[in-house]
Amino acid sequence: MSCWIRLGIDPTTDETLIRNAYRARLPAHHPETDPEGFQALRQAYESAIRLARDDGPEDVEDTTPDTTPDSSLVRQVFIDFDGLLKDPARRFNADAWQAFVQSLDRLPLGELDDLRWGLFRKLRENGPFSASGAGLLARRMAWDRHLLELGFDHARDVEDYLARLDDPAPFDTTVMDTWSAPAQIESLWYARTLDFIFNQRPLHEFEYFARLHTCLPLPNDPGFIRRLLVQFTQAGIGGADLLQMCLEHWREAPDDVDGLYLLACQHTLLGQDDQALPHWVRLWREHRHPKAESQLLALCAKRQPDVLPLLIQGFDRLGDFSAWSADLGHVSQEYGSPSQRPETLARWMGAGRLPLQGLAQCFVDWRTGGDEWPLLALLLGHQDDARLQRLYRHAWALHRGDVALLRQVLDEPEPIDALEGLVLNGLQHQAEQHVRWLTRAPVPLAMERFVDGSGAPGPLPAALEKGEAHKICRVWLRRWRPYSRVGLERIAQAFKFNDPKADGDLSTLSLLLELSESDVLLPASGQGEAVWQWHAQTAFLLALLEQPERWLGMVDAPCLDRLAFDPAHPVSRVQPLLSRLKREHVDLSALFGWLQPSDPVHAALARRLLGVRQALGSPRLLGNDRLLECLRSDIHAFDDDLLGRMLLTAVLYHDPLFDAQQRRFLLDRITEVVNPQDWFDEFRHGLIKGEPPRPPLQALEDEGVASDAFYLALDTLKGLVRYGGAGVPRQKTLLRLQQAKDNPALGLGLRFAFSALLSRCECLLLAKGDSRPVPAGAFWRLGTRLGRGAFIGQVIGTLLVTPLAALFSGVALTGIAVSLLGLAFLVGAVLRRLHDIGRGIPTLLVLACLSPFFPFLPLILFAFPGDKLPNRYGVAPDSAGDDALAGGLQAALRQMGGQRHN
C-alpha cells in the first residue's frame, strides 16, 4: 500500500500536512493494542517525509537503474536485506550489518554491480535502521562513486541521502535491539524531533513540544541523557529527576563548569533560590560565566532588592589597564578611566521600574537622572542597616571620592552575606582601577600639576582642551578634593562649570570658587575616618549652598549632631545656626534672618535663600541692603502692587546706606512707573524729594490699595526723611507699622515698604539702644528719659521740699530763687517724662499753656506708662542695662502686640 494511501492524503511535499495526517490517524493505531498498524503507519509517515524532502512524491517514477538479476542468489540477498531492515533485533545491530555486508563478498562482481541500485532503493524505502550500518553498506556498494550512472537530479538526491546517513544518531541505537518495532520507531522519532526543534526552532517551541504528555522508552545512553538534560535546562524545563542527575554529576566532577551551570539552573527552575545562589556566585567569581550576571541580578531583585543597585554597580566592570601612552592626545588615555558600560545603564533603567525604597531608589535616581542630594542626605543620616549604608557610601565614593576615600573601599573587610560580598568584590575591583588611573595615568597627573597653586601659573595643555581628553579632565574634576584659590581660578578659566553640552556637572566647583574669592577654602581631608568626615561635611556644605531649602528638608534632625564638624571646615560657620533651626522647629525664614552678611559662608547662603517669602517671614528685620538685593532678584514679583513698589524704592532711595549707583537704580525704578492721572506726577516727585503728598483716597481704592496703611507709610517716610533719628515714630506707631507688615491682605510692595521703614527705624533705635539708662537723678540731662516711678517721686518731693526751702530761707529774694529752681526742676522732670512716652517739647509747650487753667494737668503723666523699647531719647529707664532689642525690633514689637492682644 502506498504511503499516501496509508496516510489518507494526496502526494505532497508539505511536511506540515503530512504530520497532521499522521497525528490524525495515530489514535487509531496505539503501539500497545495495534503494534502492526502502528508500525505500518509510522513507516508510511517516514516514507512520506523522506519523499517530501527529496522533492518528489512516491508515485513519481524512480529512475535509478532497476537491474535486479533474477537469480536465486540475488533473490536471497534481497530477502536477507529485507529481513535485516524489518527485524527489530537486528536493524540497529552493527554486527548484523557487518555480517550482511560480508555476505555480499560471496557474490560475483558482476552481480554485485547489478545489485547496487536495487539495494539503495530498498534501503531508501525502509527504516528506521542503524545509520552506521547503512553507512557501512554505502561504502561497500560505493554509491557515491557511481553517481554518474544516474541523471543529474537523481544523482543530487542520492548524494543528499548519503549525506544524511552520515548524520550521527541521536543516541546509541544498539541499545534498542531488544525493543519492539513500535518502541524503536517512536523513540527514535521523538529523539530526532527534539534535536530538530532544539537546533532549528525557537526555544519556546522546544519547551512546548517537550512538555506534551507522552509515554515512550528512552535509551540508556549517558550521552543522550546528558544532551537531553542540557536541552531541557536551556529551554527552562526543570524537574526533580533532572536536578538529581545534575547533583550526581557535580559530585563526580565538582570543578566542571558546565555541570555547575546546569546544577545552578535546575535549582533556579525549581524555585530553590537558597541552593542556587552559592552556585551562581561561584560561577561568577571563578569563571565569569556570562549567564551568572543576569541570574544573580534576578535573584537579588527577588530576595534583596535594596542590594540590587549595588550589584548592578559591582558588575560594571571594564578591563584593567595601566599601559597609558605619555602622549596626552593618544587614544589610550581614555582606557581605564572611570566610565559606565551601556548594559549597566540599561540595568539602571530596568531597576528604576521596580518598587525600590530608601537608599536603593535614591541611588538609582542618581545614576539615571543625576540627582545626588537625596542619596547624600540618606548617607549622612541614620539608617537601620548601617552595613548596607556603608556599602552605598563606597558605591558613591567610586564616582566622587579621591584616592584616600577609594582606599577605604579597598580596605573594607569581606561581608558575611554572599550577595554583599559579591558587591564589595566588584566595588573593590573598580576602586583599584580608579586608584591606578588617578595615580598613574598621564591626564590626572597633568591636571594635578595644572591646579597646583604652589607652581607658576600656566595654561592647560593643548591636548586637554578638547575632545575625549577634555571629557576625561571633567571626570577627574568631579571628584571632591581641596583646591587652592589659584587652582580654582585656573579651573574656571579652562572649563565651563555649567555647560549643559559638556559631560560632567561641575556646578559644585563654582560654589567653591565663590567661597575662595572671600578666602574661604576647604581644609585638607586628613587620614582614616577623617577622610569620610571631610567628604560628609563638604557634601553638607555644597548641598546647603546649592539647594538650601530642599537640603534642610531632606536631612534628619540628628544629622548635625552626628557629624564631627571640623572648625577649619567652612560648614562649621553655619552649624550653630542650623542646630538652632532644628532645635526650635522653625522654618527656613528664621535662618535667613539669623545669617550675618559679614561672614562669607553666611552671605553665600543668604544669596540663595533670598526671596520674597523668606524676606517677609524672617524673624529678624532684614537690612535695607538685603531688601534691595531681593528687589533686584525678583522685581517682577511686585508687578501687582506698583504703588507699593514705588513706596518701597522711595524708602530705600532715602536711606543714606546706599551709594550713588544703588540710588540711581532705585531712582530709575521710581520714574519708570507711569500713571495718566493728575495727582501721580506730583506724588512721584514728592517721593523723590522725601515729601510725598497723600494720593486721593478714591485713587488708592481704584488701585486696590489700603489707604490707611499707605498713608501710615507715607507719614513715617516723611518723618524719617525730615528729622532723621528724631523722626523715629512712637512705639504705638511702630506697632502699627509691624502689624501692617505682617498683614497678608496688603500688597507685596507695601508690605516690603513697611519692612524697609522698620529696618531703618531699627538702625536708628539701635544707635540709641547701645547706651545705658541715665540715672533718674541726672536732672540736668534734659534730653534723656525719666521713668514713671522716678517722676512721681521727684514731683512729690519737689512739691514738698520747695515750699519749705523757700519758707526757711528767711529772705524773700532767696525764697523766690528757690521756688524758681523748684519750678525749673519740675519742668525738666516733665520734659524727661514726656521723652519716656515718646513725646517732646511740643507737648511740653501745650501743657505749659494749659497749666494756668488746669494747674494739675501735668499730673496726668502719672498715668501713662513709658515706652518699653528704646526711642529717639534713649533706652527705657527701668531696663537696667538689658538689651531691649536683643531679638530685633520686629521680635519686640510682635511680642508687645501679642501681649496687647491677650
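Let me start with the lining of the largest cavity: by class, nine of its residues are nonpolar, none is polar and one is charged. The residues themselves are Arg-481, Pro-482, Tyr-483, Leu-488, Leu-512, Leu-515, Val-520, Leu-521, Leu-522 and Pro-570. The space they line has a volume of about 60 Å³. Searching the whole structure for cavities of 30 Å³ or more turns up three. Before I go on, please keep in mind that this is a predicted model.

How does one look for empty space at all? A probe the size of a water molecule is rolled over the atoms, and that shows where space is left empty.

The largest pocket holds about 1,200 Å³ of space. Its lining is made of 33 residues, and those nearest the centre are Ile-49, Arg-53, Arg-192, Thr-193 and Phe-196. Which elements give two or more residues to this lining? They are α2 (15-25), α3 (35-53), α8 (152-165), α9 (181-200) and α10 (203-210). Helix α9 gives the most, with eight residues. By class, the lining of the largest pocket has 17 nonpolar, four polar and 12 charged residues.

The second largest pocket contains about 940 Å³ of space. It is lined by 33 residues, and Pro-338, Ser-339, Gln-340, Arg-367 and Val-475 are the closest to its centre. Two or more lining residues come from each of α17 (342-352), α18 (358-369), α20 (386-400), α22 (418-440) and α24 (467-477). The largest share is that of α22, with five residues. Here the classes come out as nine nonpolar, 13 polar and 11 charged.

Next, a pair of helices. Two packed helices are described by two things, the angle between their axes and the distance between the axes. For helix α42 (residues 788-808) and helix α43 (residues 812-836), the axes come within 9 Å and cross at roughly 175 degrees. An angle over 145 degrees counts as roughly antiparallel, so α42 is roughly antiparallel to α43. What meets what in this pair? On the α42 side, the contact includes Phe-791, Val-795 and Leu-799, and on the α43 side it includes Val-818, Phe-825 and Leu-826. Arg-788 in α42 also takes part, as do Arg-832, Arg-833 and Asp-836 in α43. Sorted by class, the contact of α42 with α43 has 10 nonpolar, six polar and four charged residues.

Most residues other than glycine have a negative phi. Ala-142 is not a glycine, yet its phi is positive, about 55 degrees. It sits in the loop between α7 (131-141) and α8. Asp-519 is not a glycine either, and its phi is positive too, at about 65 degrees. Its place is the loop between α26 (507-516) and α27 (529-546). Is each of these two buried or exposed? Ala-142 has a relative accessible area of 4%, so it is buried. Asp-519 has 61% relative accessibility and therefore counts as exposed.

His-279 belongs to helix α14 (residues 273-287). Its relative accessibility is 11%, and the limit for buried is under 20%, so His-279 counts as buried. Setting aside residues up to four places away in sequence, His-279 touches Trp-250, Leu-260, Leu-263, Ala-264 and His-267.

I will finish with two aspartates in loops. Asp-221 lies between α10 and α11 (222-234), and is buried with a relative accessible area of 15%. Apart from its neighbours within four places in sequence, Asp-221 is in contact with Phe-171 and Asp-172. From Asp-221 to Asp-681 there are 460 residues in sequence and 109 Å in space, C-alpha to C-alpha.

Asp-655 is in the loop between α35 (642-653) and α36 (660-671), and is buried as well, with a relative accessible area of 6%. Which residues does Asp-655 contact, leaving aside neighbours within four places in sequence? They are Asn-624, Arg-663 and Arg-760. Asp-655 and Leu-746 are 91 residues apart in sequence and 23 Å apart in space, again C-alpha to C-alpha.

Terms used
Residues are numbered from 1 along each chain as its sequence is written. This is a predicted model: local features need pLDDT of at least 70, side-chain atom pairs count only at pLDDT 80 or more; totals for chains, interfaces and linings use all residues. Side-chain values use heavy atoms; hydrogens and water are left out. On a 1 Å grid over the protein atoms alone, a cavity is a set of points where a 1.4 Å probe fits but cannot get out, and a pocket is an open set with protein on both sides within 12 Å along at least five of seven lines; lining residues have an atom within 4 Å of a point. Grid points are joined across faces, edges and corners, and a volume is the space filled by probe spheres set on the points. Helices (H or I, at least four residues) and strands (E, at least two) are DSSP runs, numbered from the N terminus. Ala, Val, Leu, Ile, Met, Phe, Trp, Tyr, Cys and Pro count as nonpolar, Asp, Glu, Lys and Arg as charged, and the others, Gly among them, as polar. Axes are lines fitted to C-alpha atoms, for helices over the stretch in contact, and angles run from 0 to 180 degrees between N-to-C directions. Angles under 35 degrees count as roughly parallel, over 145 as roughly antiparallel, 65 to 115 as roughly perpendicular and the rest as oblique. Contact means heavy atoms within 4.5 Å. Buried means under 20% relative accessible area, exposed over 50%, partly exposed in between (1.4 Å probe, protein chains only).
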